[in-house]
Amino acid sequence: MMPLPEKFDANEWFIVLFMAAAYTAVFLLPRRFPAVITAVMLLLSDVIAKAADFIIATPPYDLYDITDTPKFDLFDFILWLLYPPFGYLALYIYDKFHIRGTGAALYVLICSLLALGFEWLAAQAHVFNYKGWTTVYSLPVYLFVISLYLLIYRLLQQRFRILKHTDASAGAGPYGS
Amino acid sequence: MALTAILITCWILLGFYVMKNKQLLLFESMFCWMGVVLLFGDYMLILITNLRLIDMSMRLDLVWASYVYRIVLIPLLVTWCIELVYSVKSFQAKLILSALFIALLTTVEFAADWLQIFHHRAPWKPWWSVTAWSLLLIAVFCLKGFIRHLIKKDLRA
């Protein structure tokens, strides 16, 4: 159902090494967010990446292939697990340094440029095989997606505060904690 | 026509969902929605690209209808199902509602086929769809349980 890669070469090594580095960084950092916000934000990074790939990497647009084959292979699946820790790290820095206002706009730009650099490296390692797409096209996508990601985080943070406050003031909140 | 039909259905379902007095918290609705996008997305990709059991239309309006179907309509229907199942108390009512939603999701899948958004290839049997929807609902109920557990843990902390 999900084929293995044709050869275990540069693209698979790229995915494995970056995945190890990213998840190590996430687990080494002290816990910063409530578990529910972490879970939702991790899933959201994956959903955004997957939705973008559904739209532009499959026919009729079919602007790039991921890893060795046009089929949905095991490393395509593993690659999608690489996005959540990067999203989490971006969020961690944003929250730790209380970046707001113009700083936030600059931060989104820096994150987008870093994501662009990462995508360029991935393309060099043939993780992405472009068929009409180029790395630069991704810049507006990253700018939009990272801004949306941070906005959703702010919304969830606000909702969590309300939930916690309701729970504390009512004695037994929505789940009777 | 297919794109319009899907967009209007989504708009109505979403409108009623927003207005409804909800059982699910925002975190739970989002988590279930995204869980469905991921699970259903992988399932469709395997059927389309690896097993070649589904042919996608190449007409642009139908292609966009398929994106809305995968990313909005199906997750929205499943979220509605979870919402309604959690709003009834008895176990029998929960089972009946789940069975009704499995029937509804199967009907929507074949309606999408009828609207030519995609086409099931020859060996496809309707009971395969029923099995897939049942498994998807079970997985999403598990996700719902998991996120509720996390919320309880966070509120206790």
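**A lysine, a threonine and the rest**

Modeller: Lys131(A) lies in the loop between strand E2 (128-130) and helix H6 (138-170) of chain A. Keep in mind that this is a predicted model.

Colleague: Is Lys131(A) buried, exposed or partly exposed?

Modeller: Lys131(A) has a relative accessible area of 39%, so it counts as partly exposed; the band for that runs between 20% and 50%.

Colleague: And which residues does Lys131(A) touch, sequence neighbours within four places aside?

Modeller: Lys131(A) is in contact with Asp62(A), Leu63(A), Tyr64(A) and Asp65(A).

Colleague: How far is Lys131(A) from Asp65(A), in sequence and in space?

Modeller: The two are 66 residues apart in sequence, and their C-alpha atoms are 7.5 Å apart.

Colleague: What share of the chain A contacts join residues at least 24 apart?

Modeller: Counting contacts between residues at least 6 apart in sequence, 77% join residues at least 24 apart.

Colleague: Why does Thr58(A) count as buried?

Modeller: Because its relative accessibility is 14%, and the cut-off for buried is under 20%.

Colleague: What is Thr58(A) in contact with, beyond four places in sequence?

Modeller: Asp53(A) from its own chain, plus Leu45(B) and Tyr67(B) from chain B.

Colleague: Back out to the whole chain. How many helices and strands in chain A?

Modeller: Six helices and two strands. From the N terminus the order is α-α-β-α-α-α-β-α.

Colleague: What are the dimensions, and how much is buried?

Modeller: The C-alpha trace of chain A spans about 60 × 40 × 35 Å along its principal axes. Of the 177 residues in chain A, 47% are buried.

Colleague: What about surface and charge on chain A?

Modeller: Its accessible surface is about 8,900 Å², and carbon and sulfur atoms account for 72% of that. There are 12 positive and 13 negative charges, with mean positions 17 Å apart.

Colleague: Last topic, chain B. How do helix H2 and helix H5 cross there?

Modeller: The axes of H2 (residues 26-50) and H5 (residues 126-156) of chain B come within 9 Å and cross at roughly 145°. The crossing of H2(B) and H5(B) is right-handed.

Colleague: Which residues make that contact?

Modeller: From H2(B), they include Phe27(B), Phe31(B), Gly35(B) and Tyr43(B). H5(B) contributes, among them, Trp133(B), Leu136(B), Phe146(B) and Ile151(B).

Conventions:
Residues numbered from 1 in each chain as written. Chains lettered and ligands numbered in written order. Predicted model: local features only at pLDDT ≥ 70, side-chain atom pairs only at ≥ 80, totals over all residues. Heavy atoms only, no water. Helix = DSSP H or I, 4+ residues; strand = E, 2+ residues; numbered from the N terminus. Buried < 20%, exposed > 50% of the residue type's maximum accessible area, 1.4 Å probe, protein only. Contact = heavy atoms within 4.5 Å. Areas by Shrake-Rupley, 256 points an atom, 1.4 Å probe, with all protein chains shown as cover. Lys, Arg positive; Asp, Glu negative; His and termini not counted. Charge placed at Lys NZ, Arg CZ, Asp CG, Glu CD. Axes fitted to C-alpha atoms, helices over the stretch in contact; angles between N-to-C directions. Left-handed = near helix turned anticlockwise from the far one by under 90°.
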